Amino acid sequence: MLFIDLDQFKQINDSLGHDAGDSVLIEVAKRIESVLRKADTLARVGGDEFTVVMEDLAESKYVSSLAQKILDILISLFSVDGNDFYISCSIGISIYPEDGLTRQDLLKEADVAMYRAKSLGRNNFQFFSSYMIDETLQRVLLESSLREAIKNEEFVVYYQPQMDGRDDTLIGMEALVRWMHPKLGLVPPFKFISVAEESGLIIAIDRLVMNIAMKQFTTWHNEGLNPGVLSLNLAMKQIGQKDIVQWVENALLTHKLDSKYVELEITEGEIMKDPEASIDTLNALAALGIKLAIDDFGTGYSSLAYLKRLLVHKLKIDKSFVDELPYDEEDVAITTTVIALAKGLKLNLIAEGVENEEQKKFLIEKNCYNIQGYLYSKPIPAVEMSDYLKSLIE
C-alpha cells in the first residue's frame, strides 16, 4: 500500500481558491493513474491524500519503481486557470504481511512512513519500519510538550552579536529562541523547531520571541544602552497569517520600540515556497519602517525577478558558504558573487557563521564588513548581553 500526500497543497487552495485546488486534484489523479498497472487500485481517501494498492507483487522492488514514477510525474508543471506552478508529494509504503495483516494496519503504517518522508524534506518515498512508530510517538509527545511550553511561557531568548569587522563595534544582534524545559533544562532549537513548524506551533513561538526581545530592547534603551538593530526570524507560516502586519505594528506600539531598530529575517527558501504572497506581506511589513533581510542567501535558488520586487535591506550569506573560506574555490566564488550582487542592488550584507580570523579577513577584503559568529560570541542570555552593553560605555 502506498499512501500519497501532496506537499504544501494548502497553499494552492489559499492562493488560487478551492475550485483551482479541485482541478489540481483531478489532474493529480489522472497522472497517478497513468503510471499504474491494470491490477493496481487508486483511491482518494480525503483532502489531498491518495492511496494505491498493488496486488500480486513478485518483488518489492516494483513498489519502489512505481513510487518513483509517481514522484516524477507529479513534479512536472501544472497549469490551472492561467497559473503555472509545481507541486510534489511524499509517499509512505507498507507491505503485507510483513508490516500488517489488516487493511487498517497497512493504512496506518503507510501513513506513518509518509510522515517520515515529509520529515526528510518531502518529495521522496519511505518504506515503513517499526522504529518509525517510536519516532512518531516521540514527535506526538514533543508536540504536546511544546503546547504546554507555550502556555507556560517556557521559552527564553538568547542574543548573538552582529559586528562591524572593520573596527569590532556592535551594530546589532539576532534574537534566538531556547526552550527552558522544567525537567530537561535548556533545549536547543534544532531539537524542537521542525516539530513546531510542522504543527503550526511556530507561529505562537515566534510571537513569544518577538515580544520578549522587543521588551528587552526597550529596557536596554531606557537604561541608556545601545544594542543596535534587533534581528528577528520570521517563519513562513507567519507570513501566511492575515493579521501578521497588524500584529507586528501592535507589538511595536505595545513595547514602545521604534521600527527603525527592528529587522525581520526570512530564509530565501521559505520566500520561494510562495513568492507572490511573500512579497505582498513582506513589503507591507517594510512599509512600517522595519528592515527586511534574506537569511541563508544563496541556498534557495531564488529568482532575481522576485528579489528586486522585495523591499529588502540586507542579504545574509549562509554559514555553509563561510565554513571553508578562504580555501574552498566554490565557496570563494559563491561568496564573491553574492557580495557583488548585493553591491549592485545597493543592499547591505552580513556573513553568519564566522569562526576565525582568516574568514573575517577574507570577507572584509571582499567588502563584506558585517560579521556574525563564534569569532565574536556564541548566543548569550539577556543578562550577559546587558553586562556586555554596559561595558561598552564604561
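At what angle do helix 9 and helix 11 pack, and how far apart are their axes? The close-ups below take you there step by step.

This is a predicted model, in which local features need pLDDT of at least 70, side-chain atom pairs count only at pLDDT 80 or more, and totals for chains, interfaces and linings use all residues. Residues are numbered from 1 along each chain as its sequence is written, and side-chain values use heavy atoms, with hydrogens and water left out.

View 1. Helices here are DSSP runs (H or I, at least four residues), numbered from the N terminus. Helix 7 covers residues 202-222, and its end C-alpha atoms lie 30 Å apart. Gly224 follows helix 7 and has a positive phi, near 80°.

**View 2. Arg207 in helix 7.** Look for Arg207 within helix 7. Arg207 counts as buried because its relative accessibility is 13% (buried means under 20% relative accessible area, with a 1.4 Å probe and protein chains only). Beyond its neighbours within four places in sequence, Arg207 is in contact (heavy atoms within 4.5 Å) with Gln238, Gln241, Asp243, Ile244 and Trp247.

**View 3. Helix 9 beside helix 11.** Helix 9 (residues 244-255) packs on helix 11 (residues 275-286) at about 20°, with axes 9 Å apart. Helix 9 is therefore roughly parallel to helix 11 (angles under 35 degrees count as such). Ile244, Val245 and Val248 of helix 9 meet Thr281, Ala284 and Leu285 of helix 11 in this contact.

Notes. Helix = DSSP H or I, 4+ residues; strand = E, 2+ residues; numbered from the N terminus. Expected span 1.5 Å × (residues − 1). Buried < 20%, exposed > 50% of the residue type's maximum accessible area, 1.4 Å probe, protein only. Axes fitted to C-alpha atoms, helices over the stretch in contact; angles between N-to-C directions. Parallel < 35°, antiparallel > 145°, perpendicular 65-115°, else oblique.
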